[in-house]
Amino acid sequence: MKLAIVDYGMGNLHSLVGALDYVSNIDVLVSSNIKDLRQADKLILPGVGHFLSAMACIKDLGLDAVLKELVIEEKTPILGICLGMQLLTDSSDEGGYSDGLGFINGRATRFNSNELPVPHVGYNQVNAAVNSRLYDGFGPSPDFYFTHSHQLQSDCSIGQSTCHYGNDFIASFEYENIAGVQFHPELSQTNGLKLLKNFVELF
Amino acid sequence: MLRNRLIFSLIYSDGFFMQSRNFRLQRVGDINWLEKNYRFHEIAFSLDELIILNASRTGKDITEFSKIVSRLACKVFLPITAGGGIRQIGDAEQLFNSGADKLSLNTVLYSDPVLVDSIAKKYGQQSIVAIVDYKIEGDTPVVYIDNGTQKLNITLLEYIKNIENMGAGEVVLNSIDKDGTGFGYDLDIIERYKSHINVPLVVSGGAGNEHHLAVGLNVNGVSAVSTANLFNFIGNGLPNARSYLIKNGFNLADWRK
């Protein structure tokens with residue numbers, strides 16, 4: 001089995017590759033090459049940085065069309081991480097309004113910084129959805145490491161699990177073959193390793 | 001509930017990890033020593049975050065430092081902040097490509113706001129950890145940069161405002177007077193300044209045992225406590241400190257054993 005981490009030039013991918021190697025035997029490839037992505041059995045869309053510039057990079061590389069083909073038409077399982085999760089949804093107001101890939105109903109807006117320090121940084125407890133594949137084998141409120149200034153909300157039922165920081169926001173979703181986590185499993189110690197293993201084995 | 005964090009800071013200089021006391025550095029051991037005597041890759045599972053600082057006084061070689069970061073980042077699954085000597089965007093890029101998740105910035109916060117802004121724009125505000133070193137002179141905190149050698153003619157309050165506007169995602173208040181003493185954190189300054197800081201606050205300088213960590217975590221508004229004391233937390237020091245804090249009801253994350 002092959003897993004491709006979609007590389008669009010943002011942030012540190014070492015920990016993610018290291019974490020996947022640690023928990024499974026899946027072949028991990030970091031690539032922005034369309035041919036590589038087409039050969040993958042599973043995809044991960046990582047991401048650190050600005051929504052607007054990330055979307056621009058994705059479009060420049062022609063990845064928006066190929067992701068749509070693979071994820072929507074061919075139903076290849078995908079996990080979006082942090083910004084990568086937000087990119088799977090409709091839009092964000094980070095750096096000005098920007099459309100996302102639009103695979104999942106949702107929009108990201110900035111946390112209200114009048115009340116709490118922003119960014120939201122540190123481990124926080126996730127209220128894990130019942131029958132979730134991502135949290136299979138976990139207790140009800142596992143800790144994961146978050147670092148973000150924008151939070152996701154959705155009008156639809158997308159298999160969301162929530163987290164609380166000032167208000168409830170979407171910590172993860174899983175809808176058919178599409179999953180996303182706002183936190184960084186690759187930086188969340190053994191909890192994150194287990195979640196990545198669940199994605200590899202259960203999606 | 002958002003958890004507080006326990007952070008370990010490693011101070012590196014020219015091939016060695018150092019014990020710092022009031023910013024005077026003493027060699028302790030190289031990376032092999034750290035892996036063997038600290039069983040680094042095991043104790044990393046007892047930490048919330050790791051900070052690796054290049055404190056070399058003789059020119060900070062980013063490429064050589066990146067190799068150290070890369071070796072430490074291998075097979076640990078926690079956020080790593082690295083910094084010391086970042087002077088251009090290429091330095092930032094090199095550290096990110098070596099396994100850093102965030103960058104610690106100090107001197108450039110004063111000398112090169114444009115660089116700080118470009119890092120924030122490219123990698124996001126959450127990737128910038130601003131380290132604020134200060135000394136008490138009279139009864140006023142005075143900000144220092146450049147390994148604590150250059151005094152700034154600006155109040156701590158103004159400085160904090162400036163660096164937040166520049167895009168700092170977290171602020172580390174580091175007391176040079178308390179650094180490496182093991183006498184406990186500078187609670188007076190933390191209490192006086194915490195409400196003026198609008199991003200997560202990390203306190204640093206002075207922790208010598210788990211009680212000091214506990215006292216720091218008990219301050220409302222403190223997001224994380226950091227220790228760089230290699231001597232006082234040797235062996236199982238850090239895992240024991242973490243168990244002690246969790247056993248005593250402190251709000252730290254828990255993960256599968």
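Chain A exposes about 7,400 Å², and carbon and sulfur atoms supply 47% of that area. Accessible areas come from the Shrake-Rupley method with a 1.4 Å probe; for residues, only the protein chains shown count as cover.

This is a predicted model, in which local features need pLDDT of at least 70 and side-chain atom pairs count only at pLDDT 80 or more, while totals for chains, interfaces and linings use all residues. Residues are numbered from 1 along each chain as its sequence is written, chains are lettered from A and ligands numbered from 1 in the order in which they are written, and side-chain values use heavy atoms, with hydrogens and water left out.

**Chain A**

Chain A has 6 helices and 13 strands. Both are DSSP runs numbered from the N terminus: helices are H or I with at least four residues, strands E with at least two. The C-alpha trace of chain A spans about 45 × 40 × 30 Å along its principal axes. Of the 203 residues, 58% count as buried. Buried means under 20% relative accessible area, exposed over 50%, and partly exposed in between (1.4 Å probe, protein chains only). Among contacts between residues at least 6 apart in sequence, 70% join residues at least 24 apart; contact means heavy atoms within 4.5 Å.

**Backbone**

Most residues other than glycine have a negative phi, and most peptide bonds are trans. The bond from A:V118 to A:P119 is cis, with omega near 10°. A:P119 sits in the loop between β7 (104-110) and β8 (120-127) of chain A.

**Cavities**

The whole structure holds 3 cavities of 30 Å³ or more. On a 1 Å grid over the protein atoms alone, a cavity is a set of points where a 1.4 Å probe fits but cannot get out; lining residues have an atom within 4 Å of a point. The largest cavity has a volume of about 580 Å³. Volume here is the space filled by probe spheres set on the points, with grid points joined across faces, edges and corners.

This largest cavity is lined by 40 residues; B:F23, B:L53, B:I131, B:D133 and B:N174 lie nearest its centre. The largest share of the lining, 3 residues, comes from β4(B). By class, the lining has 13 nonpolar, 21 polar and 6 charged residues. Ala, Val, Leu, Ile, Met, Phe, Trp, Tyr, Cys and Pro count as nonpolar, Asp, Glu, Lys and Arg as charged, and the others, Gly among them, as polar.

Conventions: 1 Å grid on protein atoms, 1.4 Å probe; cavity = no way out; pocket = protein on both sides within 12 Å on 5 of 7 lines; lining within 4 Å.
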